[in-house]
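Here are my notes for someone opening this entry for the first time. Please read them with the structure in view.

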Amino acid sequence: MSCQQRCFVFIIQICGKRARLLRWDRSGCTVSEYFDFHENPQHLAAFFYGFCNLNPKQQGYDTTAKLATAQQEKALHEAIDRFVQDSKKEGRKASFVKKSLDKDYLPYQVTVGTGEKEFKLIIGKPFFEARCACGRGTRVYAAYDPKRKKLVSLKDSWRNNKEGVQSEKDIYQHLCDSHIPHIADNIFIDDVKYPLKTPRELKARGQESLEYVTQRTWTQELSRPAPDAPEWRKGCRPLRELVHCRLVQPLSLPLRSAKNSKEIVTAVRNAVECVYKAWIVQTYHRDVSSGNILIDPRKGGFLNDWDHAKRYGDDSVQTQDFRTGTWQFISIALLDEPHKPHNVQDDLESAYWVLLYVSLHFAKHSIDDFDWLVFDEVKPGKECSVEDRGGSEKDAFLRKQVFRTLKWDCKPLTDLLEQLGDLFWDYRYLNYLNTAPPGRQNGNLVRNQELELADRQMREEQRVLSLFDEALKQPNWLEDDVVADQFPRSDYVEEDEEDEGEEKEVEEEARDKVNDNLDVNMQNLTVSGPADSRQPENDPPRIRRSSRPPATRKIATRANTRSSSKRAMPDPVDAQDANAEAGPSRPVKRARTSKKPIGTSDSGSSRPVTRSQSRGGLSRQPSRQSARLRQQRSKMSSRQ
């Protein structure tokens, strides 16, 4: 469903003589009982016969999209080349749109809107996509608009249709009516609708007007337990109904495309002002991240993607069954207490972590090492990732004032990050003293009046915004201090590289002996160790951190909340984050137990803390798998 324009898909699962029929959509999967297709081949025959007699809409295709012609594909490629060249002339990098030229993805012509508002867009491969079967399935395209003769941004996703939950369209309408600054200029936003009857069917019936139906999921209808269902089934929460929606905006640039650090700070500053103004009209963004703050050369920067936003005037409606946000940028308080109500201070603190994260990546500095556990720390919950916790490393970063040891070439940027660090730690400290249990209170409690004063400075007096404005007035900003990623993904190394080399070597030797007609059991040679010590064949290799930051994850749908914690996730600065609820894999877990200062090893030297060091300083021991392979190789040598 990610590569093709589909609303749902049918799958036949075959295991030996047994088979099942599956139907997937964004809400979940419907599974038939298994059957023996050797004894009852009529089931498969009936399915294939029925499937071949369905129209494209009934087969699961999105009828608002069709394959583009060669001429339309050429127009898309030319528009992308022009956009990249124009950005390069302005001193910006826009290479992310080149992903749309991937030949493995077929170009499509997508119909957006209905009636008089209908227009066509040409799309290729999305430059951001949530590769998951269930969930919001967000995809963001650099689309060519033949009518406007330019590239636009097309966001295609499936929104939660829960009663009482406001859609992104409603949120944008409220923000526009309230004249909130620094939000996107939307060209189109609405649910995807298709005609109930084709023009040929209307003509045959003598009808003239078209009736449109919204594309929505169906699996949730079967997830509701029947009255006579077993008790374990009644305890399961029903699946959500999702509705297909599209959003078209002018194509903007990510923060990494800025010319200098002042432009990055300006974009974050505009996002902070937008958070303040939205709070005044009772709206929280709830997902301030590096991918949701974009650069528009005309107006500096803006805060995008309001599909997780919430109006806080009515707390009776729980909009989600899970915590929302981008893990690396969630505030300390929300990481420490998953069920804490969201407030404006959380969005403001997220803006600080975004600025720190992007500055470490792209603003010129001489920082050799940084403990990325500050962003990546996660303590798994007992039941599901909704209960995951973190924030202690961020808390230590502020409490120990590690931010004062980080220096950038641009002095105003360094000063701003220090002032913001002091401000958020002061606020965190006041809240800690007023909420700590009796056994953890350090001396006298701070009076409630002081905490109320800090709240007023944070919100009503807009202290965070004033720090940004004062910093931007400084005269000594550098003109060209944005560089290539200083902590690229290539710094990841595989922990099992040596063991994998031994395993391949043994396999090659075994194959040679088989070719020489030696009686060697290949299965015993390739199976390494007893069942309880073997790593599953499909598991990704274990990763240890070098000097590369962790990848971002989205707190998203329940469908994929137990994904492997070892899977590398897209970097938040590598994608124009469209708030994808792609199944949220956890970041690589590196629970650091050492009490040394952040950014130093156990020996006190300033070097990255490796994964093995983060486990109490224990080095990785030889695996039973490697020992078993060596024993097998020695036996083979003795037979010769």
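1. Start with the surface. The chain has an accessible surface of about 31800 Å². Carbon and sulfur atoms account for 48% of that surface. Keep in mind that this is a predicted model.

2. Next, the overall make-up. The chain has 640 residues, and 50% of them are buried. It holds 18 helices and 22 strands. Among contacts with a separation of 6 or more, 70% join residues 24 or more positions apart.

3. Now the interior. In general, nonpolar side chains of soluble globular proteins tend to be buried together. The largest nonpolar core here has 92 residues. Which of its members touch the most others? They are W306, Y352, W353, L355, L356 and F397. Helix α9 gives the most to this core, with 12 residues. There is also a second, separate core of 13 residues, and Y108, V112, Y141 and L154 are included in it.

4. Look at W353 in particular. Setting aside neighbours within four places in sequence, W353 is in contact with Q328, F329, I330 and I332, among others.

5. Then take the pair of helices α9 and α11. Helix α9 covers residues 344-362, and α11 covers residues 392-399. Their axes come within 14 Å and cross at roughly 80°. Angles of 65 to 115 degrees count as roughly perpendicular, so α9 is roughly perpendicular to α11. From α9, the contact uses Y352, W353 and L356. From α11, it uses K394, F397 and L398. Five of the contact residues are nonpolar, one is charged and none is polar.

6. How many of the eight residues of α11 are buried? Six are, and the helix is mostly covered. The buried ones are E393, K394, D395, A396, F397 and L398.

7. Finally, check the backbone at two places. Most residues other than glycine have a negative phi. Q401 sits in the loop between α11 and α12 (411-435). Is Q401 buried or partly exposed? Q401 is partly exposed, with a relative accessible area of 33%. H182 also has a positive phi, near 60°. H182 lies in the loop between α3 (168-177) and β11 (188-191).

Terms used. Residues are numbered from 1 along each chain as its sequence is written. Side-chain values use heavy atoms; hydrogens and water are left out. Axes are lines fitted to C-alpha atoms, for helices over the stretch in contact, and angles run from 0 to 180 degrees between N-to-C directions. Helices (H or I, at least four residues) and strands (E, at least two) are DSSP runs, numbered from the N terminus. Angles under 35 degrees count as roughly parallel, over 145 as roughly antiparallel, 65 to 115 as roughly perpendicular and the rest as oblique. Contact means heavy atoms within 4.5 Å. Ala, Val, Leu, Ile, Met, Phe, Trp, Tyr, Cys and Pro count as nonpolar, Asp, Glu, Lys and Arg as charged, and the others, Gly among them, as polar. Buried means under 20% relative accessible area, exposed over 50%, partly exposed in between (1.4 Å probe, protein chains only). Accessible areas come from the Shrake-Rupley method with a 1.4 Å probe; for residues, only the protein chains shown count as cover. A nonpolar core is a set of buried Ala, Val, Leu, Ile, Met, Phe, Trp, Tyr and Cys residues joined through side-chain atoms within 4.5 Å.
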